[in-house]
Amino acid sequence: MMASNIKMENSLAFARIPPWVKAKLRPIAVEKIQQVHDWVETECIPAERIYKIQLQADRWKTPAIIHELRKKAKAQGLFNLFLPNYFEESPGLTNLEYSCCAEIMGRVYWAAQTMNCHAPETGNIELLAKYCTPEQKRRWLHPLMNGDMSSAYSMTEPDVASSDATNIGIKMEITDKEVIINGRKLYGNCQYNDEMQLFILMGCSDPKNRSPWNRHTTLVVPAKTTGLKQVRNLTIMGYDWAPEGHGEYIYENVRVPLENIILGPGRAFEIAQGRLGPGRIHHCMRLIGQAERAFELALVRCIEPLKKPRGKLIGEFDSNIERIADMRMTIDGMRLIVLNAADTMDLQGNKAGRYAIAQSKIMVPNALLKVIDEAMQMYGGQGLTQHTPLPEFWTYARFVRVADGPDSAHRHQVGRDQMKTATGFRKRAEEYTKRYQELCKKWGLEPEEFWGIV
Ligand SMILES: Cc1cc2nc3c(=O)[nH]c(=O)nc-3n(C[C@H](O)[C@H](O)[C@H](O)COP(=O)(O)OP(=O)(O)OC[C@H]3O[C@@H](n4cnc5c(N)ncnc54)[C@H](O)[C@@H]3O)c2cc1C
């Protein structure tokens, strides 16, 4: 393994990475983190307003600057860094190493897109890399990894509680040569944007199967298939999130060939389980970067010489000094949670990482919403306008509480798992009581009630 020439202690790219993580970074990761940092600082942050102006010209066309940056990023080896090193298609980083890159990407909402590391692509690429045949990989995985097209993940429906995927009801009738699909779907990127060329769709193909886990199938639907209609774009908290958006779709006798089924009929839950990996916390990794930027904007405002209410700088008020301290500690705490989840997946696999993933999904967006909110407050009115990216940061953090499964559902799962440990603790408490009673006898004392167990 070649050593890296980069000195972590001298580079801003590593300033916030905890020592235990720095100690684990391999030279290839040190190089990539520095590269991603330089990329975001020089190519993305200064271009934020250019992106917005270009997007105004056509809301459903990816701005020219993104195309140019994607070409350059690819040439610099910055594409698909998210795909963990156990995939043959991976550029070679671990989840922990990628977390450090993703945080930096998060500093600009669309920076991940310039490096082909954005949602839902990351989850979809992981899914296709894991479950597709070589021929399916050639048709869908390779063009997606190449950045030649983009994709959508389509599970949620308007008429059922989709956080419980056994409810998914869009009909998939499987004949001997094709699958006929009828129903409605919500979300999934907009096909108004020409680059969006395929949906990974989960539907119900065997509603009478005795096991609710074997009733569903996952398959690929090309975006321009006859019978598939986008009804509208769904705004999210008033924003259209163009040029990707979130579509509402109707499927009317949509026909796709059997070769488009992934893994096999009735195996959607196996696939959904496989999708519960690192893709689940990429949003959280990037949110840390957004929160860092919100924090930096607050600091900048704290010493803005033009803003002196009551003759004092914003940062001279004790309440704001305390706010800054709380923001700093919250971000650092949330980073540890995300890095721990990534490391757990690397060391023990995605299944063992389930709790750490849920912990990230529940705690990180909620805590960072508060950080961004405080930054907006310290900024004053302009913190809520297009003068800063703060409103978009806040909205993004808010939607991460729901997208990819609501935090309430994760909390429910964590609580249920914890309840399973109660019997063990009860037994331990009984042992303590028994020992206490023995000690009382030895010392001639009358035993009292002990932890509610007498
Ligand atoms: C911005 C955005 C992007 C999205 N992108 C996609 C996408 O690309 N593809 C896609 O398929 N979907 C997408 N979604 C949909 C998202 O995944 C679903 O909204 C989410 O899984 C919840 O499903 P639901 O809306 O049907 O709510 P329901 O299942 O009806 O749940 C409603 C509420 O009930 C509560 N609840 C549910 N389960 C539990 C539980 N176990 N314990 C306690 N409370 C519970 C929660 O508060 C939950 O929010 C997106 C959503 C948003 C907002």
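This is a predicted model: local features need pLDDT of at least 70, side-chain atom pairs count only at pLDDT 80 or more; totals for chains, interfaces and linings use all residues.
The domain assignment of the protein lists four segments: domain 1 (8-118), domain 2 (150-270), domain 3 (276-418) and domain 4 (421-454). Between the centres of domain 1 and domain 4, taken over C-alpha atoms, the separation is 56 Å.

Strand β4, which covers residues 196-204, is mostly covered, with eight of its nine residues buried. Strand β4 takes part in two pairings that differ in sense. With strand β1 (residues 150-154), the pairing of β4 is parallel and extends over five bridges. Within this pairing, A152 is placed opposite F199 in β4. With strand β5 (residues 216-222), in contrast, β4 pairs in the antiparallel sense, and seven bridges are found. Here L201 is the residue that faces L219 in β5.

The surroundings of a single residue can be described in further detail. S154 belongs to strand β1. Its relative accessible area is 0%, and S154 is therefore classed as buried, the limit for that class being under 20%. When neighbours within four places in sequence are set aside, the contacts of S154 are K185, Y187, F199, I200, L201 and M202. Among these contacts is F199, the residue of β4 that stands opposite A152. L201, another contact of S154, stands opposite L219 in β5.

Attention now turns to open space in the model. Rolling a probe the size of a water molecule over the atoms shows where empty space is left. The second largest pocket has a volume of about 390 Å³. Its lining consists of 21 residues, of which L12, R16, E103, R107 and E292 are the closest to the centre of the pocket. Two or more lining residues come from each of the helices α2 (27-44), α5 (95-105), α10 (282-302) and α11 (318-348). The greatest contribution is that of α10, which supplies five residues to the lining of the second largest pocket. Sorted by class, this lining contains 11 nonpolar, three polar and seven charged residues. Both domain 1 (8-118) and domain 3 (276-418) provide at least three residues to the lining of the second largest pocket.

The backbone also holds several features that call for separate mention. Most residues other than glycine have a negative phi, and most peptide bonds are trans. The peptide bond that joins A119 and P120 is cis, with omega about 0 degrees. P120 is located in the loop between α6 (111-114) and α7 (121-131). A cis bond also leads from A242 to P243, where omega is near 10 degrees. P243 lies in the loop between β6 (228-233) and β7 (247-257).

The loop between β6 and β7 also contains M237 and W241. For M237, phi is near 55 degrees, which is a positive value in a residue other than glycine. For W241, phi is likewise positive and near 55 degrees.

Methods: Residues are numbered from 1 along each chain as its sequence is written. Side-chain values use heavy atoms; hydrogens and water are left out. Buried means under 20% relative accessible area, exposed over 50%, partly exposed in between (1.4 Å probe, protein chains only). Helices (H or I, at least four residues) and strands (E, at least two) are DSSP runs, numbered from the N terminus. Two strands pair if DSSP finds at least two bridges between them. Domain bounds come from an automatic or database domain assignment. Contact means heavy atoms within 4.5 Å. On a 1 Å grid over the protein atoms alone, a cavity is a set of points where a 1.4 Å probe fits but cannot get out, and a pocket is an open set with protein on both sides within 12 Å along at least five of seven lines; lining residues have an atom within 4 Å of a point. Grid points are joined across faces, edges and corners, and a volume is the space filled by probe spheres set on the points. Ala, Val, Leu, Ile, Met, Phe, Trp, Tyr, Cys and Pro count as nonpolar, Asp, Glu, Lys and Arg as charged, and the others, Gly among them, as polar.
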